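Please keep the viewer open as you read, and take the points in order.

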Amino acid sequence: MKRAAHVMLGVLGALLACAGCVDTTGNRLVGIRAQASAAPDVGAVAGQPLRFSTPRGFDVTLTTARVYIGALYFSTVAPTTASGAQEAPCVAPGITTGEVRGGQVFDALDPTPQPFPVDGVGSDLPTRSAALWLTAGDVNADDERTVVLQVAGEASRGGFSWPFEGALRIGSNRVTPPRNPALPSSNPICEQRIVSPVAFEATFSEGAVVWLQVDARAFFSAVNFATLEQGSMDPVRYRFRDETATAEQADTSLFNALRATAGPYRFELLPSGT
């Protein structure tokens, strides 16, 4: 498990060794690109707050929603019917069909496509799912200082309001006890940094564009803002805790939603030339 990132890259590396080959196995290598933006049905307008109501009855005005995506990986394995935050194996089953590495921060309130800084590579094997890596470095590193989700805004309900802010990392602040005390590495941090599997049916072709659509509303669907900790008095601000050990309902709900395989993330494949 400690070599998870290298194992996953090695799988695609086996395909790359055959770059330019065309055979009956469907292992033709193609160049792909990727971009991310607010999902088109969210109603986000670049530079403007996003207003929505949550299933818990909160009216939210969201002014900041930035997500750091370190890499995208694609697989032949279809996701199960399970939803929510999943602790998936760091090495996904099946065959890796593509990758886009070299991440950056994406504005989830901007519907304008924001390209990944580097192009990717894939094969024409059928893709059934995707994985998002929420890290800027080694997925197995003991600590990681990169902020993977930054949010700010205001929520209200029943005459009360909660101006809020949060900056979440997935480092030593997220370490949890092993599932089995006899297996100290049975709950590795890499599982919390990988969102997988996210449904994505596609077959890559040369020059195709993978479009990651982020629905920032889904991050707050289960959040009870009334459980937020007051962080400052002047002005009054409430904050999401950036750690697991002392988390309240709101903190846990936001962190779990960030890692949910269904809800905040959707993929679409655009043809070459898009």
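Between which two strands does the loop with Glu144 lie?

1. Glu144 is in the loop that connects strand E7 (127–133) and strand E8 (147–157). Please bear in mind that what you see is a predicted model.

2. Is Glu144 buried or exposed? With a relative accessible area of 11%, Glu144 falls under the 20% cut-off, so it counts as buried. Leaving out residues up to four places away in sequence, Glu144 touches Thr135, Ala136, Gly137, Arg169, Ile170, Gly171 and Arg193. Take Arg169 from that list: it is 25 residues from Glu144 along the chain, yet their C-alpha atoms are separated by 7.1 Å.

3. Do look at the side chain of Glu144 as well. It makes a polar contact of 2.9 Å with the side chain of Thr135, and another polar contact, of 2.7 Å, links it to the side chain of Thr146.

4. Now step back to the whole chain, which has three helices and 14 strands. Of its 274 residues, 47% are buried. The accessible surface is about 12200 Å², and carbon and sulfur atoms account for 54% of that. Among contacts between residues at least 6 apart in sequence, 77% join residues at least 24 apart.

5. Which strands pair with E3? E2 (residues 50–53) runs antiparallel to E3 and is joined to it by four bridges, with Ser53 opposite Asp59. These two strands form a hairpin with five residues between them, and Gly57 in the turn has a positive phi of about 90°.

6. E3 also pairs in the antiparallel sense with E4 (residues 96–107), over nine bridges; here Ala71 stands opposite Arg101.

7. Finally, how many of the ten residues of helix H3 (residues 249–258) are buried? Seven are, so you will find this helix mostly covered. The buried residues are Ala250, Asp251, Ser253, Leu254, Phe255, Ala257 and Leu258.

Definitions and conventions
Residues are numbered from 1 along each chain as its sequence is written. This is a predicted model: local features need pLDDT of at least 70, side-chain atom pairs count only at pLDDT 80 or more; totals for chains, interfaces and linings use all residues. Side-chain values use heavy atoms; hydrogens and water are left out. Buried means under 20% relative accessible area, exposed over 50%, partly exposed in between (1.4 Å probe, protein chains only). Contact means heavy atoms within 4.5 Å. Accessible areas come from the Shrake-Rupley method with a 1.4 Å probe; for residues, only the protein chains shown count as cover. A polar contact is a pair of N or O atoms within 3.5 Å; within protein, one must be able to donate a hydrogen and the other to accept it, and residues adjacent in sequence count only if both atoms are side-chain atoms. Two strands pair if DSSP finds at least two bridges between them.
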